[in-house]
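I opened this notebook to record what surrounds the ligand and what lines the pockets. The entries below follow the order in which I looked things up.

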Amino acid sequence: METHGLLLIHYDIEPSDQALLHKTFSSMQQLFNLPHETKLKNSTPKPYYTYLNTATYETLAVINSSPPEELRAFTRLMWPNGNDDKFYETMNLMSKKMRELSMIILNMLRNSYGIGLDVKEENIDPLFRMMKYSAPMSDEPVHGVAPHTDRNFITLLCQNEVDGLLFKPRDDGEWVKVNPDPGSFIVFAGDALRVWSNGRVHSPPHMVMMCGDKERLSCGLFLCPKGDQVVEPCHDLVDDEHPPLFKPFIFLDYLHYASENAFRVDTVLDSFAGI
Ligand SMILES: O=C(O)CCC(=O)C(=O)O
Ligand SMILES: [Fe+2]
């Protein structure tokens with residue numbers, strides 16, 4: 001995590017996992033096939049928590065609360081006339097599994113630094129986002145998502161069989177392709193983790209570039225500090241040899257700043273909170 005800011009989680013896929021993956025992507029397809037006006041109902045003023053669509057990319061977002069009231073409300077918003085049990089059940093299972101796995105990874109990170117992360121689970125929003133990238137129908141790679149760093153603690157991603165992710169390790173100018181085995185999970189460290197670890201963990205710039213005639217679907221569990229939370233270097237990781245690299249800030253303020261300055265990929269966090 002300190003050099004790449006990325007982990008790949010491989011595991012032996014059981015037939016039940018395979019079935020869940022299949023159902024997840026077909027449920028997402030059903031969701032993205034809904035009329036534009038229906039999907040627009042998922043809009044909020046909070047950047048990254050809202051419905052977005054461009055010519056090549058669409059995303060919808062829902063908080064994966066436990067119990068899953070928000071997912072229930074989201075499902076009703078999208079299918080006000082019912083017929084949605086399959087979507088709700090599939091996404092509830094998938095997003096819960098991804099939330100649990102991402103909390104395990106966050107805990108492993110805390111333990112590897114031998115300290116408690118001074119963030120409680122109730123101060124975290126597990127944001128579940130579903131993404132669709134239309135088939136570019138071109139042999140030249142085109143952007144699905146422009147280069148960016150994630151703003152949250154960690155992101156767990158799962159994709160259909162269509163690759164396209166690239167990332168930049170620390171201190172390396174080269175983009176590296178991420179071609180996960182089917183069904184494996186990709187973990188990215190985000191800016192909030194970089195701040196908390198006082199710069200030890202790298203939050204890698206990444207992007208989606210695609211060519212060919214296949215549509216890409218992915219879903220991500222973004223462990224975010226709640227909007228009103230203060231993000232700052234963990235006190236145990238600051239001493240005379242490691243002075244604080246970042247000023248404390250309110251997470252929602254950073255989300256707004258980052259969405260307005262997204263083009264400054266490598267410097268957005270440092271220009272907002274760097275010391
Ligand atoms: O679709 C993907 O695999 C990555 C999407 C992404 O980087 C993001 O939504 O922050
Ligand atoms: Fe991302």
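Before counting anything by element, I noted that helices (H or I, at least four residues) and strands (E, at least two) are DSSP runs, numbered from the N terminus. I also noted that this is a predicted model.

Entry on the second largest pocket. With that numbering in hand, I looked up which element gives the most to the lining of the second largest pocket, and found that helix 7 does, with 3 residues. Helix 7 (268-273) and helix 5 (191-196) each supply at least two residues of this lining. I then looked up the volume, and about 330 Å³ of space lies in the second largest pocket. The lining comprises 22 residues, and those closest to the centre of the pocket are R194, H202, S203, D266 and D270. Sorted by class, this lining holds 8 nonpolar, 6 polar and 8 charged residues.

Entry on the largest pocket. I recorded a volume of about 710 Å³ for the largest pocket, and I found 37 residues in its lining, with Y48, Y57, R129, V145 and H148 lying nearest its centre. Several elements give two or more residues to this lining, among them strand 3 (57-63), strand 6 (154-159) and helix 6 (251-260). Strand 5 gives the most, with 5 residues. By class, the lining of the largest pocket divides into 21 nonpolar, 12 polar and 4 charged residues.

Entry on the ligand. I asked myself which pocket corresponds to the space taken by ligand 1. The space that ligand 1 takes is the largest pocket. Around ligand 1 I listed R129, M131, Y133, H148, D150, L157, L165, H206, V208, R216, S218 and F222, and this shell divides into 6 nonpolar, 3 polar and 3 charged residues.

Entry on polar contacts. For these I applied the cut-off that a polar contact is a pair of N or O atoms within 3.5 Å. An oxygen atom of ligand 1 lies 2.8 Å from an N or O atom in the side chain of R129. For H148, I found a side-chain N or O atom 3.0 Å from an oxygen atom of ligand 1, and for R216 I likewise noted 3.0 Å between a side-chain N or O atom and an oxygen atom of the ligand. Taken alone, ligand 1 exposes 300 Å², of which the protein buries 96%. Finally, I looked up which elements give two or more residues to the shell around ligand 1, and these are strand 4 (124-133), strand 10 (206-212) and strand 11 (216-225).

Definitions and conventions:
Residues numbered from 1 in each chain as written. Chains lettered and ligands numbered in written order. Predicted model: local features only at pLDDT ≥ 70, side-chain atom pairs only at ≥ 80, totals over all residues. Heavy atoms only, no water. Near = heavy atom within 4 Å. Polar contact = N/O pair within 3.5 Å; in protein donor to acceptor, adjacent residues only side chain to side chain. Areas by Shrake-Rupley, 256 points an atom, 1.4 Å probe, with all protein chains shown as cover. 1 Å grid on protein atoms, 1.4 Å probe; cavity = no way out; pocket = protein on both sides within 12 Å on 5 of 7 lines; lining within 4 Å. Sits in = over half its atoms within 2 Å of the grid points. Nonpolar A, V, L, I, M, F, W, Y, C, P; charged D, E, K, R; others polar. Points joined across faces, edges and corners; volume = space filled by probe spheres on them.
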